[in-house]
Amino acid sequence: MPTVDNATAKTLNELGVNDAQGVAEIFAEVRARFDRQVALDTDGIRNLMLQQAWLGSDRDPVTSLRNFWLGRKAGVLTLITENWLKRSPPSLKGVIGKQFNELKSHIETKLAEQRKRIEEKTEAAALTREQVDLSLPGVIHPIGSHHLIRQVFQEIEDIFFSIGFSVVEGPEIETPYYNFEALNIPEFHPVRDDMDTFYIDLPEGAPTPLLLRTHTSPMQIRTMEKQKPPVRVIVPGKVYRRDNPDATHSFMFHQVEGLAVDTDITFCDFTGTIEYFVKQFFGAGVKTRFRPSYFPFTEPSVEFDVSCIFCGGSGAAAGGGVCSKCKGAGWIELFGAGMVDPAVYGFVNYDAKKVSGFAFGMGIDRLAMLRYGIDDIQVFFQNDVRFLKQFP
Ligand code: PHE
């Protein structure tokens, strides 16, 4: 804001200007002052504004400068009109008016030029600043990936989805009824020894003991209790056994259970389904075989083997000696399975005379170890990123 000791705050008479030459001189001074200011860059204007404590100094400097000169209320030109033009003797008004008009159009042109110049400069600066160097490497944001076990689950789920199965999940804390009894494993049955597990400490008088499920098979019962045939489900999940950890044992591991029950399911459907899965998962080249086995909840029961994917079923290691993966057998045991034992249907109110079906249960950790040549199950659970990163 022009200050009182500024020339434009006084009349020409007060300034001692009383002829055409004086008018021309004082207008030249004003114009010179303007020219110095309009030549400044934005920082220069800002400094000037700070020094002179102009109003509006927090605004964009170009606008502030413009207001300083052209502002309607208190701009320099307004002051000149008020103090010089209006309050001058009539004889000088013509000269002053002419000078005034010249000054005004000079100021307007120069300010417009200045705005353009500064805008161009700012734009150029922004362009340089924002210039993208396409040859620079991008910013790499580390993103996680699924754990290998999860990836294998997903692959298995996809294969079974493709043949009409759906996925169900169930509790890891179970009752002995679902984990054993309803699967035709009464309390003193010797197979319980193989499935020693963890029992939960419960307050005295709790209605039923609780345990960590030893297999995903309890979900066979839970699924059949809830739904009538046809049933076609797989159950991925965690299971627990009281095993001491070593390269092939862990107290917690993963299984996928499968169950298909309908009015017309035969042993052929069973073998066909399992073979289809194995060939999808390991490749069409693998051979498969069934061996008789025993599970209280399937009858007949089988163990299902695939030809060793490391030695191609020969049992011999590439450099001589026996294959370390199948120990020379040429076969790898993959999972337990069988036709659902009719006794199980009794526990879920299915009519054993009308329905038939098959069930299977496979260890996922083992499958992943075979597939990816991992020789220690513990690495799955140690969460060492050097291991995990190998399976993005
Ligand atoms: N639940 C059995 C186990 O954990 C596997 C199995 C499932 C066998 C379904 C037959 C049918 O060993």
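Reader: What share of the 392 residues of the protein chain counts as buried?

Author: The general idea is to count neighbours: a residue is buried if 20 or more other C-beta atoms, placed from the backbone, lie within 10 Å of its own, exposed if 12 or fewer, and partly exposed in between. Here, 28% of the 392 residues count as buried. Please note that this is a predicted model, where local features need pLDDT of at least 70, side-chain atom pairs count only at pLDDT 80 or more, and totals for chains, interfaces and linings use all residues. Residues are numbered from 1 along each chain as its sequence is written.

Reader: How many helices and strands does the protein chain have?

Author: Both are DSSP runs numbered from the N terminus: helices are H or I with at least four residues, strands are E with at least two. This chain has 13 helices and nine strands.

Reader: Which residues of α1 are buried?

Author: They are Val-23, Ile-26, Phe-27, Val-30 and Val-38. Seen down the axis of α1, the directions from the axis to their C-beta atoms fall within an arc of 120°, so these buried residues line one face of the helix. The face turned away from that side carries exposed residues, among them Gln-21, Glu-25 and Arg-36.

Reader: What covers the buried residues of α1?

Author: Part of the cover is α5, residues 90-130. To see who meets whom, look for contacts, meaning C-beta atoms, placed from the backbone, within 7 Å. Among the residues that meet are Val-23, Phe-27 and Phe-34 in α1, and Leu-92, Ile-107 and Leu-111 in α5.

Reader: At what angle do α1 and α5 pack?

Author: Axes are lines fitted to C-alpha atoms, for helices over the stretch in contact, and angles run from 0 to 180 degrees between N-to-C directions. For α1 and α5 the angle is about 10°, with the axes 10 Å apart. The two helices are therefore roughly parallel; angles under 35 degrees count as roughly parallel, over 145 as roughly antiparallel, 65 to 115 as roughly perpendicular and the rest as oblique.

Reader: And how do α3 and α5 pack?

Author: Their angle is about 175°, with axes 11 Å apart, and they are therefore roughly antiparallel. Residues in α3 that meet α5 include Arg-66 and Trp-69. The buried residues of α3 also pack against α1, α2 and α4.

Reader: Is Val-256 buried or exposed?

Author: Val-256, in strand β5 (residues 252-262), is buried, with 23 other C-beta atoms within 10 Å. Beyond its neighbours within four places in sequence, its contacts include Ile-156, Ile-234 and Met-362. Gly-237 is 19 residues away in sequence, yet the two C-alpha atoms are 6.5 Å apart.

Reader: Where is Thr-175 found?

Author: Look in the loop between β2 (173-174) and α7 (176-179). Thr-175 is partly exposed, with 17 other C-beta atoms within 10 Å. Not counting residues up to four places away in sequence, Thr-175 touches Thr-208 and Leu-210.

Definitions and conventions. Contact = placed C-beta atoms within 7 Å.
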